[in-house]
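Subject: Handing over a structure

Dear colleague,

I am passing on the structure that we talked about, and I would be glad if you could look through it alongside the notes that follow.

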Amino acid sequence: MNNKVKVGIIGSAGYTGGELIRLLINHINVDICFIHSTSNAGNPINKVHTDLLGDTELTFTNDLTPLEVGSIDILFLCVGHGDARKFMEANAINDNIKIIDLSQDFRLAHKSVINNKQFVYGLPELNKESIKQAKYIANPGCFATAIQLGLLPLANAGLLEDIYTTGITGSTGAGQGLSNTSHFSWRANNISAYKTLQHQHCNEIHQSIHQLQPSFPIVPYGDKGLNFIPWRGDFARGIYISSTIECKLTLKEINQLYKDFYSDHPFTHFSEPMIDLKQVVNTNKCLINIEKQGNKIVVHSAIDNLLKGASGQAVQNMNLMFGIPETTGLKLKANYF
């Protein structure tokens, strides 16, 4: 590209906002025009995101004029769930500006339209061609990304019925605000289940599986479909998923199914050896491994919740939307040691 993509960011003081800034200031095709914050207006970015000291001299602003006049190409919304819709209702955004929303506000089909703007579900491994043509993207949830990437090849082959999934996530998945379950003294040396069988990401997972396998229920109901138990882990970042499914194919046939499905997707990789969380932390990768006993398989998948589960996937979507090579700015080394 001869001209850089002009970017604006709303709601950038949290973990995902910080990761997004880190990625974009090092992206060769991007110029960050403004980073909005009402409470931090005038403060240097590196005073809030101290890991960026020496990397950027940008400051926060509360000026939203660029949205009205259309002086940016794309807007990232890094606000809380429910706040993205409120922001779009309260502010005039020029129709020439593309939008990627990292909240859950527009992920479900029946909630994907606002002000005549139609959001496309932004999982590249599912909707890559639609993302390339889209103006408005709803970035998937972190658990949803990890679970779906483990299941999509089976859905594409029409092989999914009941799914029993457990997944453990790092403390950054709870956001930057303190709560009773995010304090270090409570989280360290501890794990616990939460939102058993009722996690909010179940709806978007059902929606995506149904897209590939129409016989699968489009929404969770009763004991059919996805049965998901999420766990809080005693580590900072990453998600590790294990999904148990009945499948009569041989392990060799299943492995080939996955290799073929992800052959054109640069961040999702099938691994015949068992995978570890450390292989994906600080990267935009998803790694998948499958084990088989009798007619049951267990699909393991792992991602970094802040990157492939949030900001990294948002940049991946931006690349696709602007015809930039998909991996640009996202060739990141894992924190392996």
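Which residue just after α10 takes a positive phi? Please keep in mind, before looking, that this is a predicted model. The residue is Gly 323, whose phi is about 70°.

Helix α10 itself covers residues 311–321, and because 11 of its 11 residues are buried, it is largely enclosed by the rest of the structure. The buried residues include Ser 311, Gln 313, Asn 317 and Asn 319, as well as Val 315, Leu 320 and Met 321.

In soluble globular proteins, nonpolar side chains tend to be buried together. The largest nonpolar core here has 37 residues, and those that touch the most other members are Leu 160, Ile 163, Ile 209, Ile 245, Tyr 258, Ile 297 and Val 299. Several elements each supply at least two residues of this core, among them α6 (142–156), α8 (202–212), β12 (239–246) and α9 (251–261), and α6 gives the most, with 10 residues. Leaving aside residues up to four places away in sequence, Ile 163 touches Leu 151, Ile 209, Phe 216 and Ile 245, among others. Apart from this core lies another, of 33 residues, which includes Ile 9, Ile 32, Val 120 and Ile 137.

Strand β3 (residues 74–77) runs parallel to β4 and is joined to it by four bridges, with Leu 77 standing opposite Asp 101. Together with helix α4 (residues 83–90), β3 and β4 make a right-handed β-α-β unit. Strand β8 (residues 136–138) also runs parallel to β4, with three bridges between them, and Tyr 136 in β8 is the bridge partner of Ile 99.

Finally, there is an open sheet of seven strands with mixed pairing, in the order β10-β11-β9-β12-β15-β14-β13. Its edge strands, β10 (192–193) and β13 (268–270), each pair on one side only. Within this sheet, β14 and β15 run antiparallel and are joined by eight bridges, and Ile 288 stands opposite Ser 301 in β15. Helix α9 packs on the sheet, where it touches β13, β14 and β15, and its direction makes about 165° with that of β14.

With best wishes

Methods
Residues numbered from 1 in each chain as written. Predicted model: local features only at pLDDT ≥ 70, side-chain atom pairs only at ≥ 80, totals over all residues. Heavy atoms only, no water. Buried < 20%, exposed > 50% of the residue type's maximum accessible area, 1.4 Å probe, protein only. Core = buried A, V, L, I, M, F, W, Y, C linked by side-chain atoms within 4.5 Å. Contact = heavy atoms within 4.5 Å. Pairing = 2+ DSSP bridges. Right-handed = clockwise from strand over helix to strand, strands pointing away. Axes fitted to C-alpha atoms, helices over the stretch in contact; angles between N-to-C directions.
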